[in-house]
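User: I'm new to this one. Can you walk me through it?
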Amino acid sequence: MSDQKTPRRDFIKLATMTLGGVGAASLAIPFITSMNPGKDTLALASTEIDLSPLKEGQSLTIIWRGKPVFVKHRTPQEITDAKNTNLKDLIDMEDDADRVQNDKWLIVLGVCTHLGCVPLGQKTSDTKGDYGGWFCPCHGSHYDTSGRIRKGPAPKNLPVPPYVFLNESRIKIG
Amino acid sequence: MSSNDPQGYKKTLNSPYTGLKGWIDSRLPLVRMMEAEYLKFPVPKSLNYFWSFGGIAMFCLIGLILTGIFLGFHYKPSADEAFDSVERIMRDVNYGWLIRYLHANLVSFFFIATFIHIFRALYFGSYKAPRELVYLFGLTMFVLMMGTAFLGYTLPWGQMSYWGATVITNLFSAIPFVGDAILTLLLGDFNVGDSTINRFYVLHWLLAFSIVGLVVFHVITLHMTGSNNPTGSEPQSWDETVSFHPYVTIKDLNATIFFFIILAFVLFYYPNILGHSDNYIRANPMVTPAHIVPEWYFLPFYAILRAIPDKLGGVLAMFGSIAALGLLPWLDTSKVRSCLFRPVWRICVLLFAINFFVLMYMGGKPAEGIYVLISRIGTVYWFLFIFVLAPLVGFLETPRQPLSITNYLKAKKA
């Protein structure tokens, strides 16, 4: 009699605990999800930019989704540097052609992939790092003229945001 | 409490007091507890002033909570209003400047007291059996303290607040695969913003009171084993102890007053010396300050973070440096507790303390050249100390015979 009772009780205990666990986990979902960005934050703002005032060698910083976006009008020298890089020398291997739609215009998120600082290099007076692109002052990451990480603790290249050329001199980000 | 007396257990609840005191005490045994744990509680008679820093840290915590409550009456946790509300506290709120400067400087002094307290534990072997849990609760509080301090530093919404928060929260993006999702979940946005400051304010309170809860556990575990002392030898008789009150209460009060006089000097003459001037510039998400430095008490750990040339590795080393300290009770193989009787380990511990300051200095310097190299050496020593020296020195060293408390006091007098 008792041999039979014990496993039955064990089963009930286990079933109850499992159900309780599943219930607690389900209850946790809305609370955890509530911490994620709300619908207003998610509503993707897109930004249009006029590129015509930007001369060769100049850069512009614009705000998209609360983050800085670097728009760089690259010089022929900078384009050649970016194109002629041996992929094997890169930390995060990516061809320049995969990062631009038009060789003259490089558009990347201006957020260091290490710990989120804004790298220097947008102003002509800024230090541009060892590879002529950007230099993050926080922990010393160097980016090249294609926004690719070359030296320092950052693991990834500066990400390219989604954008389209509306015409020769207008782009829409987002 | 025999098994045929089901009411037996209640007899222990009968209070030794009479009157109102007795009435309360037999229902809520607080009076008895306070008397046993805080008035009559026996403490080794050989304690030196190193043993006052736990009490000092507790007074700092009380001060932080009090000033925090009054700051909270005026502070507004939103990206648009936070900076202005802090400036209002500084300029318009009656004595707001005093309360805020007290809060900001008390944190630093809380950390000073805690660092000395931890050093005391390392030097005199307070972490060793049977006090492992006292030590672990202490380390947990230290971690929570760092969390609370970090969250609190975000709240004024200055440049250092903003970029400090950005850099530190981005540490979570180092977690493989789910890092970015976790980061967004923590921030409530794609970057540090309004949602972030709102929740950081709530968490700042929550963690602060969690520390208070852990203080209770820290003290309960301490009172189970009793205090360690400079000799590391347990008291052998009542003669080797004194009662907590008035001996320790007066001594700790004396130390606390002295400590708070130094605080008052900093508070009234150099209230901003431990802060960073950039934090009086409103947060600007588009411009990173040329040189981001965390608060001084984070610098050693920041140096460890930057010493590793890999994002995930750096983050692991930084958190690991504190977690590893928690293993010390089991990695230290020596039978002798106190460094007074351990000639080799004593040098290791003192080097560890010096190394701590070296790392602190390196954490405040730019991450380049010689600074990185020294940070790396310091980081190596940190882990070497815990994982290699602790077991090895305990095994190889020949310690001196620890003195009893009575003989130690005699030797000191002579």
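User: What distance separates the centres of domain 1 and domain 2 of chain A?
Analyst: This is a predicted model. In it, the two centres are 51 Å apart, taken over C-alpha atoms.

User: Where do those two domains run?
Analyst: Domain 1 of chain A covers 2–36. Domain 2 of chain A covers 47–173.

User: And how is chain B divided?
Analyst: Chain B has domain 1 at 47–292 and domain 2 at 296–414. Their C-alpha centres are 22 Å apart.

User: How many residues are in contact between those two?
Analyst: Domain 1 of chain B gives 30 residues, and domain 2 of chain B gives 27.

User: Which helices supply at least two residues on the domain 1 side?
Analyst: Helix 5 (96–123) and helix 6 (132–154) of chain B. Helix 6 of chain B has the largest share, with seven residues.

User: What classes of residue are on that side?
Analyst: On the side of domain 1 of chain B that touches domain 2 of chain B, 18 are nonpolar, nine polar and three charged.

User: Switching topic. How many residues does each chain put into the contact between chain A and chain B?
Analyst: Chain B puts in 26 residues and chain A puts in 21.

User: Which elements of chain B give two or more residues there?
Analyst: Helix 7 (159–170), helix 8 (179–187) and helix 12 (311–325) of chain B. Helix 7 of chain B gives the largest share, four residues.

User: And the classes on chain B's side?
Analyst: The side of chain B that touches chain A has 12 nonpolar residues, nine polar and five charged.

Conventions: Residues numbered from 1 in each chain as written. Chains lettered and ligands numbered in written order. Predicted model: local features only at pLDDT ≥ 70, side-chain atom pairs only at ≥ 80, totals over all residues. Domains from an automatic or database assignment. Contact = placed C-beta atoms within 7 Å. Nonpolar A, V, L, I, M, F, W, Y, C, P; charged D, E, K, R; others polar.
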